[in-house]
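User: I would like to go through the ligand site in this entry. Please give the criterion behind each term as we go.

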Amino acid sequence: MTSLSMAYTPLSIILFLFIGSSSAHLSTNFYSSSCPKVFSTIKPVLQSAIAKEKRMGASILRLFFHDCFVNGCDGSILLADTANFRGEQHAGPNNGSVRGFKVIDKIKTAVENACPGVVSCADILAVAARDSVVILGGPDWKVKLGRRDARTASATLANNNIPPPTSSLSNLISKFAAQGLSTKDMVALSGAHTIGQARCTSFRGHIYNDADIDASFASLRQKICPRKSGSGDTNLAPLDLQTPTAFDNNYYKNLINKKGLLHSDQELFNNGATDSLVKSYSNSEGSFNSDFVKAMIKMGDISPLTGSKGEIRKICSKIN
Ligand code: HEM
Ligand SMILES: *[C@@H]1O[C@H](CO)[C@@H](O)[C@H](O)[C@H]1NC(C)=O
């Protein structure tokens with residue numbers, strides 16, 4: 001293209017070409033000749049970790065989300081802080097709450113034994129997130145692969161991009177839109193809160209100050225989460241009060257009953273634009289599963305490092 005014709009190409013087309021090619025190198029069969037055992041190596045490690053502690057499946061799924069929202073799914077969240085490197089693990093949305101790094105390290109060791117220097121930590125996290133959903137009874141899908149690992153991380157972007165539990169509906173919509181994810185993607189992905197736990201500090205405001213909450217549910221949760229900040233801050237409650245270790249659509253049923261744990265959860269069903277979607281997911285596990293899978297694939301496509309960008313880390317917690 002000459003510089004003259006470039007100058008006359010509408011910006012929207014340039015953007016389209018750019019975004020359209022950003023994940024062109026990810027494919028479901030990326031390791032089919034270089035590491036055919038990748039899936040059969042990852043899954044048993046997760047199975048034993050989740051058999052030991054069911055919550056671990058939730059923790060791994062959340063790690064993938066927090067990785068993808070910061071410069072794309074590039075394993076940046078896995079980089080541990082050192083004396084002269086500040087990564088993402090102690091940024092606000094992560095500090096004291098992200099977990100599962102030892103399980104990822106264990107998987108990486110097993111994968112390195114099977115195929116040394118081939119499989120990125122970013123891809124391991126993507127597969128492990130899918131396997132966690134499947135092991136806990138959720139839908140299955142083929143994971144696109146070929147991501148490479150970042151050599152940097154950003155605590156600032158972790159703070160800016162990952163929405164806090166105090167978010168309004170419009171904030172949630174805009175934080176997901178900033179990652180190229182639609183409102184529908186956001187509502188479907190929030191269904192991940194059908195598993196896992198949150199700390200009192202994440203839901204205190206909702207159970208004491210909000211009106212859009214079932215009164216008996218609020219008093220139940222107040223029992224383990226004192227009003228006074230600084231007391232019981234790390235006490236845990238399940239995000240889905242019905243089936244916290246099963247991946248199902250009960251999360252949406254809770255919202256309809258005003259039993260969402262986080263303020264941000266209940267925002268999805270509080271007389272707003274997403275009420276009808278919450279209703280339809282609560283009525284149809286099939287439509288939730290199918291939209292959740294589509295949105296997970298879309299989230300997994302955010303800005304991957306491919307080709308010669310980044311590296312294949314030897315150890316997930318540090319750059320080579
Ligand atoms: C929509 C915006 C979201 C907000 C505001 C949000 C916020 C939170 C908060 C505050 C916690 C509890 C942290 C703690 O207190 O330790 C949590 C847990 C969790 N989140 Fe989200 N989240 C969102 C979306 C997502 C998405 C998109 C996923 C995955 C696809 C996800 C998966 C999880 C899981 C599985 C847990 C439980 C983790 C565990 O038990 O270790 N969340 N989230
Ligand atoms: C992370 O949390 C710990 C414990 O609550 C706190 O002492 C520390 O200052 C926090 N770190 C950052 C970077 O905020």
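Analyst: Helix H4 (55-68), helix H8 (169-177), H9 and E1 each supply at least two residues of the shell around ligand 1. The model is predicted: local features need pLDDT of at least 70, side-chain atom pairs count only at pLDDT 80 or more, and totals for chains, interfaces and linings use all residues. Residues are numbered from 1 along each chain as its sequence is written, and side-chain values use heavy atoms, without hydrogens and water.

User: What makes H4 a helix, and how many shell residues come from H4?

Analyst: Helices are DSSP runs of H or I with at least four residues, and strands are runs of E with at least two, numbered from the N terminus. H4 spans 55-68, and 5 residues of the shell, the largest share, come from H4.

User: Why is His-193 called a donor of the iron atom?

Analyst: Donors are N, O and S atoms within 2.8 Å of the metal (3.2 Å for Na, K and Ca); water is not among the atoms, so sites may look incomplete. NE2 of His-193 is at 2.0 Å from the iron atom of ligand 1, therefore His-193 counts as a donor, the only one from protein. His-193 lies in the loop between helix H9 (183-190) and strand E1 (197-199).

Technical notes
Chains lettered and ligands numbered in written order.
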